[in-house]
Amino acid sequence: MLEDFLYALQSFKRNKTRTFLSLLGVIIGVASVIVITSMGSSSTKQVQDTFGTAGLDVVSVTAGRMYRGSSTSSIVLNESFREEIFDEIEDIKKIWFKNSLNATMTYGEASSSVNCTAIETGYLEMYNMNLESGNFFNVTDNVEGNQKIILNHETAQDFFPAGDAIGNHVKLVMDKVSFNFEIIGVLKEQNSVMENGAAFIPRGFYLKKINPNQNADTMMVQAVSNEKASELVTKITNYCTEKTNNSYAVRVSSMQSMLDQMSEITNTMSMMLSAIAAISLLVGGIGIMNIMIVTVTERKQEIGIRKALGASPSDIRQQFLIESASITFIGGIIGIICGIIISLAVEYVQKQAFIININACVISFIFSVVVGIFFGLNPASRAAKLDPVIALSGE
């Protein structure tokens with residue numbers, strides 16, 4: 001077999017133009033598959049980096065709507081419902097309530113409208129948010145409703161460019177009522193888009209001084225793991241629909257489920273485009289078959305001599321199959337190299353992370369070799385069936 005492979009390389013060297021044209025379809029097909037899958041994987045990674053890793057295990061639940069005149073009911077996000085969800089649905093680690101409100105923040109002459117979020121103790125830690133300076137809320141802050149505030153990185157920069165926010169007091173105007181808050185913490189710049197509040201206050205203060213209604217605007221359900229978050233979306237939605245006979249009773253979403261959907265769409269598109277690119281491999285295979293038929297015709301006398309010297313039909317068939325497979329073998333290797341180089345160039349220009357799909361490289365390479373064997377089978381069989389006398393006569 002090694003001897004047949006070396007002889008095939010010599011044959012390729014003698015017919016450089018023919019060999020190059022045979023390789024071209026294979027190279028384009030393999031390189032295209034690698035470029036497409038690489039760009040798909042890189043795009044998925046870029047989306048994941050944009051969303052960040054914090055909050056992938058969190059499911060957001062907000063109350064939906066109830067149609068007038070219908071017999072269905074809606075969901076109220078209160079303590080009773082929190083306990084009910086925790087007891088009835090598996091894979092829940094903890095549940096937080098939060099309320100959102102718009103406020104005007106003032107410090108000295110600086111003033112700006114901010115999105116303020118009233119949160120429970122441990123909420124920011126659950127999102128793996130880190131502090132640039134200061135402290136998080138403690139249990140006492142929430143129970144007593146202390147007038148303390150935590151700012152995100154951007155808000156702190158806007159009001160305190162010198163970085164001296166901790167210990168200062170800002171004024172928040174909510175519903176035409178102003179309150180003074182002591183800044184106890186500043187968050188580091190975050191890469192998560194799931195929680196993008198500008199300022200955070202204890203929910204205990206919100207319930208005591210702003211709105212005594214215990215109902216939450218949003219319920220954040222933390223799953224026991226990132227993988228369970230997508231399942232929780234379905235479980236909570238189904239549970240609330242059955243409970244209220246209202247498919248719009250709640251709106252449930254999670255960053256993990258969104259990422260899963262995006263990854264699925266990207267993977268599907270990559271597979272479709274890869275299948276289209278693989279067509280060039282088949283076209284290249286047809287070209288290889290045609291060239292191998294011509295090769296068999298040109299080398300009839302060689303085949304006749306080998307048969308006269310005792311070569312069996314299987315030996316002849318093996319020789320031409322190896323020659324056909326060698327073309328796609330070499331083309332597959334060159335295609336992988338070209339695909340990686342093109343992927344590097346494209347992703348360098350687009351400023352994306354470089355990710356090569358190893359499975360795509362292996363599958364496209366194996367497919368290219370299989371194409372060579374499949375389309376080389378007919379010419380090899382023709383060569384094996386040649387009559388030695390006719391072959392030696394060159395007819």
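The residues lining the largest cavity split into six nonpolar, two polar and two charged, where Ala, Val, Leu, Ile, Met, Phe, Trp, Tyr, Cys and Pro count as nonpolar, Asp, Glu, Lys and Arg as charged, and the others, Gly among them, as polar. The lining itself is made of Ile119, Glu120, Thr121, Gly122, Tyr123, Leu124, Glu125, Phe136, Phe137 and Ile150. Helix H4 (residues 123-126) is the top contributor here, giving three residues; helices (H or I, at least four residues) and strands (E, at least two) are DSSP runs, numbered from the N terminus. The volume of this cavity is about 30 Å³, and the structure holds one cavity of 30 Å³ or more.

A word on the ground rules: this is a predicted model, where local features need pLDDT of at least 70, side-chain atom pairs count only at pLDDT 80 or more, and totals for chains, interfaces and linings use all residues. Residues are numbered from 1 along each chain as its sequence is written, and side-chain values use heavy atoms, with hydrogens and water left out.

As for cavities and pockets, both are found on a 1 Å grid over the protein atoms alone: a cavity is a set of points where a 1.4 Å probe fits but cannot get out, a pocket is an open set with protein on both sides within 12 Å along at least five of seven lines, and lining residues have an atom within 4 Å of a point. Grid points are joined across faces, edges and corners, and a volume is the space filled by probe spheres set on the points.

Glu120 and Thr121 also turn up in the second largest pocket, along with Asn142, Val143, Arg203, Gly204 and Leu207. Two elements give two or more residues to that lining, helix H5 (139-144) and helix H7 (203-210), and H7 gives the most, with three residues.

Now for the largest pocket, which holds about 340 Å³ of space. Its contributors of two or more residues are helix H2 (16-51), helix H9 (255-298) and helix H12 (358-385). H9 gives the most, with seven residues. Of the 17 lining residues, Val33, Thr37, Ser274, Ala360 and Ile363 lie nearest the centre. By class, eight are nonpolar, nine polar and none charged.

Strand E5 (residues 148-151) pairs with E7 in the parallel sense over four bridges; two strands pair if DSSP finds at least two bridges between them. On to strand E8 (residues 199-202), which runs antiparallel to E5 and is joined to E5 by two bridges. There, Leu151 stands opposite Ala199.

E7 (residues 177-187) also has an antiparallel partner in E6, with six bridges between them, and Met174 is bridged to Val177 in E7. The hairpin of E6 and E7 has two residues between the strands, and Asp175 there takes a positive phi near 55°. Strand E2 (residues 92-107) runs antiparallel to E6 too, over three bridges, with Met105 partnered by Leu172. Leu172 belongs to the covered face of strand E6 (residues 169-174), together with Val170 and Met174, while His169, Lys171 and Val173 make up the uncovered one.

Most residues other than glycine have a negative phi. Yet Asp91, in the loop between helix H3 (79-88) and E2, has a positive phi of about 70°. Asn245, in the loop between helix H8 (226-244) and strand E10 (250-254), has a positive phi near 55°. Is Asn245 buried or exposed? At 57% relative accessibility, Asn245 is exposed; buried means under 20% relative accessible area, exposed over 50%, and partly exposed in between (1.4 Å probe, protein chains only).

Helix H11 (residues 313-349) has 37 residues and reaches 54 Å from its first C-alpha to its last, close to the 54 Å expected at 1.5 Å a residue; the expected span is 1.5 Å times one less than the number of residues.

Finally, the cysteines. With a disulfide taken as a pair of cysteine sulfur atoms within 2.5 Å, the count comes to zero. Cys240 is buried at a relative accessible area of 1%, whereas Cys338 is partly exposed at 28%.
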